[in-house]
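Hi everyone, thanks for having me.

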Amino acid sequence: MVESGCFGIQPQRSNNAAVRQGLWDSLVHFGASVGPWIVMGDFNVIRYEWEKISHTPVTSDLLAFNDCILSCGLDDMNCTGCEYPWHNRQESGSVVYSKLDRVMINNDWSRAFTQTSAQFLPPGLSHHSPSLVTFHGDPLPRKWFSYLNCWADHPNFRDLVLDAWDCEIMGTPMFRLMRKLRNVKRKLKLLHHTQFSDIGKRVQRRKEELADCYTALLANPLSDSLIQQEKQASIAYWKLKEAETKILTQRAKLHDMKYGEMSSQ
């Protein structure tokens, strides 16, 4: 169970939108390098107009808050309990219900903590409903990002990296560097998923395709189209086989670096 709060950041829950902007900037800066992340508490602003029940119009800075959430890669955790966690406890003519308190998580949190739930409890004497996050199991081990040398051999590698790096980002030099590196990492992970994931199975399929092409060619050895198909299948197979060899070699070296010294003692 985790009590409501935002760790590592000094909250500025002012009624002044300009003052709140300092909190949004801090969240964006902090989120550039964080891993699994949960942000909880009273933000003193709603995200959408329907998150407030009142006789007065919504005047808070919805756009700035949503821009902050988008830049941080956050989204609301599915919550149960009180739908409007804040109540001003006024008479019917000036009563206000608002979703000022929320629990937000990033994608890394969703992957690492697959069995967590949030609940807004009854407010008691407070204007705010306490937020409660419960862990129903142990977190999954974090998968660290590792650069694979075979990625550089892909024909789209250079353009992919340049496209990910050449983006306009506002902020301090370190913040811009971190966001650019994150963009490159996303692109490389997508490249790996589409071209190199389950490399052993991919190699086996290419090998079978090559065998089928060769069998067809033996039945009609003078066919130009079959000769070209067999040639292309052979090139595709050996390129993928070379990538598999590089991946296995790189992983073996990392394994030796991690456990070699331990086994020699």
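Let's start with the second largest pocket, which has a volume of about 470 Å³. Its lining is made of 16 residues, and the closest to its centre are Gln-195, Phe-196, Ala-236, Lys-239 and Leu-240. Keep in mind that this is a predicted model.

Which helix gives the most to this lining? That would be H7, with 6 residues. H7 runs through 224–263, and together with helix H6, at 199–219, it is one of the helices that each supply at least two residues.

Now please turn to Lys-99, in the loop between strand S6 (97–98) and strand S7 (101–106). Is Lys-99 buried or exposed? Lys-99 is buried, yet it has no salt bridge. The nearest side chain of opposite charge belongs to Asp-76, and that is 5.6 Å away, while a salt bridge needs the two charged groups within 4 Å. Leaving out residues up to four places away in sequence, Lys-99 touches Val-45, Ile-46, Glu-51, Glu-83, Tyr-84, Pro-85 and Phe-120.

Finally, let's zoom out. The protein chain has 7 helices and 9 strands, and 33% of its 265 residues count as buried. Looking at contacts with a separation of 6 or more, 64% of them are between residues 24 or more positions apart.

Key
Residues numbered from 1 in each chain as written. Predicted model: local features only at pLDDT ≥ 70, side-chain atom pairs only at ≥ 80, totals over all residues. Heavy atoms only, no water. 1 Å grid on protein atoms, 1.4 Å probe; cavity = no way out; pocket = protein on both sides within 12 Å on 5 of 7 lines; lining within 4 Å. Points joined across faces, edges and corners; volume = space filled by probe spheres on them. Helix = DSSP H or I, 4+ residues; strand = E, 2+ residues; numbered from the N terminus. Buried < 20%, exposed > 50% of the residue type's maximum accessible area, 1.4 Å probe, protein only. Lys, Arg positive; Asp, Glu negative; His and termini not counted. Contact = heavy atoms within 4.5 Å.
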